[in-house]
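Please take a moment with the sequence and the 3D view before reading on. We will walk through the fold together, one part at a time.

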Amino acid sequence: MQRIMLRSKLHRVTVTQADLNYEGSCGIDVDLLEAADIKVNEQIELYNVNNGERFATYAIPGKRGSGEISLNGAAARKAQLGDLLIICTYGPMTDAEIETHVPKLVFVDENNKIKSIKK
(Lines give C-alpha, C1' and ligand atoms only; values in the text may rest on other atoms or scores of the structure.)
Protein backbone atom coordinates (compact mmCIF):
# COMPACT_ATOMS: atom_id res chain seq x y z
CA MET A 1 0.00 0.00 0.00
CA GLN A 2 1.09 3.55 -0.64
CA ARG A 3 -0.01 6.73 1.09
CA ILE A 4 0.03 10.23 -0.37
CA MET A 5 2.46 12.26 1.77
CA LEU A 6 3.64 15.87 1.87
CA ARG A 7 6.88 16.21 -0.14
CA SER A 8 7.48 19.93 0.08
CA LYS A 9 5.94 23.25 1.07
CA LEU A 10 6.50 26.94 0.32
CA HIS A 11 5.04 28.56 3.42
CA ARG A 12 3.22 31.90 3.21
CA VAL A 13 4.55 33.17 -0.11
CA THR A 14 3.04 36.43 -1.34
CA VAL A 15 1.25 36.67 -4.70
CA THR A 16 3.19 39.17 -6.84
CA GLN A 17 1.36 38.85 -10.18
CA ALA A 18 -1.94 37.65 -11.61
CA ASP A 19 -2.75 37.33 -15.32
CA LEU A 20 -6.21 36.04 -16.19
CA ASN A 21 -5.42 35.91 -19.91
CA TYR A 22 -2.39 33.63 -19.59
CA GLU A 23 -2.88 29.95 -20.51
CA GLY A 24 -2.68 28.84 -16.87
CA SER A 25 -0.26 27.75 -14.15
CA CYS A 26 1.72 29.29 -11.31
CA GLY A 27 5.03 31.01 -11.95
CA ILE A 28 7.47 30.52 -9.08
CA ASP A 29 10.93 32.06 -8.66
CA VAL A 30 13.45 29.37 -9.69
CA ASP A 31 15.27 29.81 -6.36
CA LEU A 32 12.06 28.79 -4.56
CA LEU A 33 11.41 25.88 -6.94
CA GLU A 34 14.88 24.50 -6.28
CA ALA A 35 14.69 25.03 -2.52
CA ALA A 36 11.39 23.13 -2.31
CA ASP A 37 12.39 20.51 -4.92
CA ILE A 38 9.42 21.42 -7.13
CA LYS A 39 9.94 20.52 -10.79
CA VAL A 40 8.69 22.55 -13.75
CA ASN A 41 5.24 21.27 -14.80
CA GLU A 42 4.79 19.40 -11.50
CA GLN A 43 1.29 19.52 -10.00
CA ILE A 44 1.04 21.82 -7.00
CA GLU A 45 -1.70 22.41 -4.46
CA LEU A 46 -2.24 26.02 -3.36
CA TYR A 47 -3.98 27.22 -0.22
CA ASN A 48 -4.90 30.91 0.06
CA VAL A 49 -4.44 32.07 3.65
CA ASN A 50 -6.45 35.26 3.02
CA ASN A 51 -9.67 33.81 1.60
CA GLY A 52 -9.55 30.05 2.19
CA GLU A 53 -9.46 29.10 -1.51
CA ARG A 54 -7.81 25.76 -2.23
CA PHE A 55 -6.87 24.84 -5.80
CA ALA A 56 -4.42 22.91 -7.95
CA THR A 57 -2.36 23.86 -10.99
CA TYR A 58 1.21 23.24 -12.19
CA ALA A 59 4.49 25.05 -11.60
CA ILE A 60 6.36 27.04 -14.24
CA PRO A 61 9.67 28.82 -13.71
CA GLY A 62 9.65 32.47 -12.68
CA LYS A 63 12.66 34.75 -12.91
CA ARG A 64 15.44 33.62 -10.58
CA GLY A 65 15.87 35.90 -7.57
CA SER A 66 12.70 37.86 -8.34
CA GLY A 67 10.48 36.49 -5.57
CA GLU A 68 7.84 35.91 -8.26
CA ILE A 69 4.66 34.08 -7.38
CA SER A 70 2.34 34.58 -10.35
CA LEU A 71 -1.11 33.10 -10.77
CA ASN A 72 -2.17 32.68 -14.36
CA GLY A 73 -5.37 31.78 -16.19
CA ALA A 74 -8.21 30.56 -13.99
CA ALA A 75 -5.89 30.49 -10.95
CA ALA A 76 -5.74 34.31 -11.16
CA ARG A 77 -9.34 34.37 -9.88
CA LYS A 78 -8.39 32.47 -6.72
CA ALA A 79 -6.16 35.17 -5.17
CA GLN A 80 -5.34 38.84 -5.29
CA LEU A 81 -1.98 40.60 -5.34
CA GLY A 82 -0.54 40.51 -1.84
CA ASP A 83 -2.46 37.41 -0.72
CA LEU A 84 -0.49 34.80 1.21
CA LEU A 85 -0.34 31.28 -0.19
CA ILE A 86 0.89 27.93 1.00
CA ILE A 87 2.11 25.87 -1.96
CA CYS A 88 2.51 22.12 -1.46
CA THR A 89 3.55 19.03 -3.37
CA TYR A 90 2.59 15.49 -2.43
CA GLY A 91 3.73 12.07 -3.54
CA PRO A 92 2.98 8.39 -3.03
CA MET A 93 5.15 6.56 -0.51
CA THR A 94 5.30 3.12 0.96
CA ASP A 95 5.23 2.66 4.73
CA ALA A 96 8.97 1.92 4.57
CA GLU A 97 9.67 5.19 2.72
CA ILE A 98 7.50 7.13 5.19
CA GLU A 99 9.70 5.94 8.07
CA THR A 100 12.63 8.05 6.84
CA HIS A 101 10.88 10.73 4.76
CA VAL A 102 11.21 14.34 5.83
CA PRO A 103 9.40 16.95 3.70
CA LYS A 104 11.21 20.12 2.63
CA LEU A 105 9.60 23.15 4.26
CA VAL A 106 10.67 26.51 2.85
CA PHE A 107 9.91 29.66 4.85
CA VAL A 108 10.12 33.09 3.23
CA ASP A 109 10.04 36.76 4.21
CA GLU A 110 7.59 39.38 2.94
CA ASN A 111 9.52 39.60 -0.36
CA ASN A 112 9.46 35.84 -0.96
CA LYS A 113 13.15 35.54 -0.13
CA ILE A 114 14.15 32.36 1.66
CA LYS A 115 14.51 32.78 5.42
CA SER A 116 14.95 29.13 6.34
CA ILE A 117 14.55 25.58 5.10
CA LYS A 118 13.59 22.65 7.31
CA LYS A 119 14.25 19.13 6.07
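The paragraphs below go from the whole chain to its sheet, then to one residue and to the salt bridges.

A word on the ground rules: you are looking at a predicted model, in which local features need pLDDT of at least 70 and side-chain atom pairs count only at pLDDT 80 or more, while totals for chains, interfaces and linings use all residues. Residues are numbered from 1 along each chain as its sequence is written, and side-chain values use heavy atoms, with hydrogens and water left out.

Let's begin with the overall picture. The chain has two helices and nine strands; helices (H or I, at least four residues) and strands (E, at least two) are DSSP runs, numbered from the N terminus. Starting at the N terminus, the order of the elements is β-β-β-α-β-β-β-β-α-β-β. The radius of gyration is 14 Å, close to the 14 Å from the globule rule for 119 residues, so the chain is as compact as a globular protein of that length. That radius is taken over C-alpha atoms, and the rule is 2.2 Å times the number of residues to the power 0.38. Along the principal axes, the C-alpha atoms fill a box of roughly 45 × 30 × 25 Å.

How much of the chain is buried? Of the 119 residues, 44% count as buried, where buried means under 20% relative accessible area, exposed means over 50%, and partly exposed lies in between (1.4 Å probe, protein chains only). The chain exposes about 6,600 Å², with carbon and sulfur atoms supplying 48% of that area; accessible areas come from the Shrake-Rupley method with a 1.4 Å probe, and for residues only the protein chains shown count as cover. Among contacts between residues at least 6 apart in sequence, 77% join residues at least 24 apart; a contact means heavy atoms within 4.5 Å.

Now for the sheet. Nine strands form an open sheet with mixed pairing, in the order E2-E6-E3-E5-E4-E7-E1-E8-E9. Two strands pair if DSSP finds at least two bridges between them. Strand E2 (17–19) and strand E9 (114–118) stand at the edges with a single partner strand each, so one side of each is left without a neighbour in the sheet. From one strand to the next, the twist averages 30 degrees, with axes being lines fitted to C-alpha atoms (for helices over the stretch in contact) and angles running from 0 to 180 degrees between N-to-C directions.

E4 pairs with E5 (residues 54–62) in the antiparallel sense over five bridges, and Ile44 has Thr57 as its bridge partner in E5. E4 and E5 form a hairpin with five residues between them, and Gly52 in the turn has a positive phi of about 85 degrees. E4 also pairs with E7 (residues 84–94), in the antiparallel sense over four bridges; here the bridge partner of Tyr47 is Ile86. E5, for its part, pairs with E3 (residues 25–29) in the parallel sense over four bridges, where Cys26 has Ala59 as its bridge partner.

Ile69 is found in strand E6 (residues 69–72). Is Ile69 buried or exposed? With a relative accessible area of 0%, Ile69 is buried. Not counting residues up to four places away in sequence, its contacts include Val15, Cys26, Ile28, Leu32, Leu85 and Ile87.

Finally, the charged side chains. A search of the whole structure finds seven salt bridges, each a side-chain nitrogen of Lys or Arg within 4 Å of a carboxyl oxygen of Asp or Glu. Asp95 and Arg3 meet in one of them (3.0 Å, N to O). This pair links distant parts of the chain, as Asp95 in helix H2 (residues 95–100) and Arg3 in strand E1 (residues 2–14) are 92 residues apart. Asp95 is partly exposed at 38% relative accessibility, and Arg3 is partly exposed at 40%.

Asp31 forms a salt bridge with Arg64, with the closest N and O atoms 2.7 Å apart. Asp31 lies in helix H1 and Arg64 in the loop between E5 and E6, so the pair ties together parts that are 33 residues apart in sequence. Salt bridges that share partners also join Arg7, Asp37, Lys39 and Glu42 into one network. Within it, the closest N and O atoms of Glu42 and Arg7 are 2.8 Å apart, and Glu42 counts as buried at 18% relative accessibility.
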